Amino acid sequence: NRTPGFTIDVVTNIPSYKARKYTGVERSQVELERLEAHLRATYPECLVPTLGPGTTVSKYVPDYQNDRLVVLLLQQWMNRVTVHPILQQDYELRQFVEAPFAFNPALPASAALAAAPHASGGGFFSWGRQKQRIARSANPTPFEQHLEKVAANMEAFQRNLVEARRWHGRQARARARLAMYLKDVGTKMVSTGVVEHNARLGQSLKRLGKCFLHVGACALTQSNHEGSRTIAVEDIYTIACGNVQRALSSRQLIFTEHQVAERQLERKRQAVAVLRASSSISPDQTQETLAEFNVAKSDADAKRHRAERVDQVLAADLRAFEANREGDFRATFSALGRDQLHIERQVLSELRA
């Protein structure tokens with residue numbers, strides 16, 4: 001029930017920053033979410049990395065492990081934002097580092113609502129799932145066909161990931177209950193051994209009870225591993241898949257806006273041609289029409305440039321997203337496998353003894 005706060009150290013070689021090194025920058029989870037919402041609303045053509053949770057509160061996971069996981073995920077997010085060739089140059093990102101007090105970027109309410117994830121309770125973490133349908137082109141290019149496949153893959157991956165995350169939570173909760181039962185059995189066995197009049201039997205009962213207590217502690221540690229980083233990564237990518245689909249929808253919108261601007265420019269061009277062919281039009285009306293044509297031309301040029309850039313940016317971001325997705329899941333399940341193997345060896349050693 002508290003807002004997490006972070007102390008951040010920053011080193012940069014970007015010329016627009018006032019200094020090369022900043023230490024002790026204090027920011028809260030709310031300010032980090034504002035930064036993410038700003039980046040997502042300002043750069044719809046980019047795949048902005050998905051911010052991790054400020055807390056991973058779970059009664060099965062100790063607080064120090066929660067905090068360590070939160071810091072790990074935040075460091076990963078900041079690394080990916082600050083190496084992005086477009087996001088790293090953002091003015092508000094610089095303000096996030098340099099602002100002496102609270103960081104609160106200007107963001108329209110509608111854009112903030114669209115950029116922020118919807119929360120829904122349940123399980124270990126409280127993150128929701130968003131759906132976004134992708135508009136299909138009438139004559140898709142090879143790149144657009146690739147994007148359609150990416151959208152379908154993300155939708156299927158997201159759907160299966162939600163189910164996997166739910167069952168991982170159930171598995172962790174079931175193992176936590178098992179740990180409690182093993183500890184209860186161990187406690188009763190030790191108590192029975194203490195009051196047993198047969199010394200050898202009493203010693204065996206106490207030793208077996210201690211074995212159950214140790215195995216119970218190992219089961220609790222296993223439930224912590226299963227219920228923390230694995231579920232956090234699954235939650236992040238559940239949201240990230242939705243963000244990919246929104247980015248693809250934004251690309252379609254950018255191209256639609258470009259087409260509309262080109263049509264408006266063509267109408268203005270025709271109006272200028274009519275004026276030049278007419279001898280009864282006043283000079284003021286001519287100037288006004290020419291001014292409208294210049295505005296429409298500037299708008300069409302800007303939107304054409306954005307449409308040309310979006311495919312390059314999106315292609316690079318999708319490659320980075322796929323590499324991060326593969327790396328994150330490999331690292332997560334490799335770490336889980338190593339931890340579980342270490343615990344199982346401890347249990348086996350105790351049972352052998």
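Reader: Hi! Which hand does the crossing of H1 and H3 have?
Author: Helix H1 passes helix H3 in a left-handed crossing. Do keep in mind that this is a predicted model.

Reader: Thanks. At what angle do those two pack, and how far apart are their axes?
Author: H1, residues 29-42, and H3, residues 91-98, pack at an angle of about 165°. Their axes are 10 Å apart.

Reader: And why do they count as roughly antiparallel rather than roughly parallel?
Author: The cut-off for roughly antiparallel is an angle over 145 degrees. H1 and H3 pack at about 165°, so they are roughly antiparallel to each other.

Reader: Which residues meet there?
Author: From H1 you have Glu31, Leu32, Leu35 and His38. On the H3 side, they meet Glu92, Leu93 and Phe96.

Reader: How does that contact split by class?
Author: The contact of H1 with H3 has four nonpolar residues, one polar residue and two charged residues.

Reader: Nice. Switching to H5 and H7, what is their packing angle?
Author: Helix H5 (residues 142-195) and helix H7 (residues 229-277) pack at about 155°, and their axes lie 9 Å apart. With that angle over the 145-degree cut-off, H5 and H7 are therefore roughly antiparallel to each other.

Reader: Left-handed or right-handed, that crossing?
Author: Left-handed for H5 and H7. By class, their contact has 14 nonpolar, seven polar and six charged residues.

Reader: While we're on H5, where is Arg170, and is it buried or partly exposed?
Author: Arg170 is found in helix H5. Its relative accessibility is 38%, so Arg170 counts as partly exposed.

Reader: How far is the C-alpha of Arg170 from that of Ser223?
Author: Those C-alpha atoms are separated by 9.9 Å, with Arg170 and Ser223 being 53 residues apart along the chain.

Reader: New topic: how many disulfides does the structure hold?
Author: Zero disulfides. Cys211, for one, is in no disulfide.

Reader: Which cysteine sulfur is nearest to that of Cys211?
Author: The sulfur of Cys218, 9.4 Å away. A pair of cysteine sulfur atoms has to be within 2.5 Å to be a disulfide.

Reader: Last one: are Cys211 and Cys241 buried or exposed?
Author: Cys211 has 8% relative accessibility, so Cys211 counts as buried. Cys241 is at 0%, and therefore counts as buried too. The cut-off for buried is under 20% relative accessible area.

How values were computed: Residues numbered from 1 in each chain as written. Predicted model: local features only at pLDDT ≥ 70, side-chain atom pairs only at ≥ 80, totals over all residues. Heavy atoms only, no water. Axes fitted to C-alpha atoms, helices over the stretch in contact; angles between N-to-C directions. Helix = DSSP H or I, 4+ residues; strand = E, 2+ residues; numbered from the N terminus. Parallel < 35°, antiparallel > 145°, perpendicular 65-115°, else oblique. Left-handed = near helix turned anticlockwise from the far one by under 90°. Nonpolar A, V, L, I, M, F, W, Y, C, P; charged D, E, K, R; others polar. Buried < 20%, exposed > 50% of the residue type's maximum accessible area, 1.4 Å probe, protein only. Contact = heavy atoms within 4.5 Å.
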